[in-house]
Amino acid sequence: MNISELVKLAQNGDATAQAQLYEETNKRAYYLALRLIQNPVDAMDVLQDSYIAAFRSLDNLQNPE
């Protein structure tokens, strides 16, 4: 299943799709945060805050791609 399909399912309240979205994107997002922040603990904090904000705002997303 691709990212846009997972986003659509997650927007409809599918917790499994939300977990899959996290699994599909967390490593890349972590390494980006780590590269920018250069501190593993702070990068994890930023990543956690980012995912919380993203999942809370998922319903406002107009283009799942």
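Buried residues account for 22% of this protein's 65 residues. Keep in mind that what you're looking at is a predicted model. As for secondary structure, you'll find three helices and zero strands.

**Overall layout**
- Now look at the contacts between residues with a separation of 6 or more: 39% of them link residues 24 or more positions apart.

**How the helices α1 and α2 meet**
- Helix α1 covers residues 3–11, and helix α2 covers residues 15–37.
- Their axes come within 8 Å and cross at roughly 145°.
- On the α1 side, the contact is made by I3, L6, V7, L9 and A10.
- On the α2 side, the residues making that contact are A17, Q18, Q20, L21, E24 and T25.
- As for handedness, α1 passes α2 in a left-handed crossing.

**Surface and charge**
- The protein's accessible surface comes to about 5,000 Å².
- Carbon and sulfur atoms hold 50% of that accessible surface.
- When it comes to charges, the protein has 5 positive and 9 negative ones.
- Take the mean position of the positive charges and the mean position of the negative charges, and you'll find the two are 6 Å apart.

Key. Residues are numbered from 1 along each chain as its sequence is written. This is a predicted model: local features need pLDDT of at least 70, side-chain atom pairs count only at pLDDT 80 or more; totals for chains, interfaces and linings use all residues. Side-chain values use heavy atoms; hydrogens and water are left out. Helices (H or I, at least four residues) and strands (E, at least two) are DSSP runs, numbered from the N terminus. Buried means under 20% relative accessible area, exposed over 50%, partly exposed in between (1.4 Å probe, protein chains only). Contact means heavy atoms within 4.5 Å. Accessible areas come from the Shrake-Rupley method with a 1.4 Å probe; for residues, only the protein chains shown count as cover. Lys and Arg count as positive and Asp and Glu as negative; His and the chain ends are not counted. The place of a charge is taken as NZ of Lys, CZ of Arg, CG of Asp or CD of Glu. Axes are lines fitted to C-alpha atoms, for helices over the stretch in contact, and angles run from 0 to 180 degrees between N-to-C directions. A crossing is left-handed if the near helix is turned anticlockwise from the far one by less than a right angle, and right-handed if clockwise.
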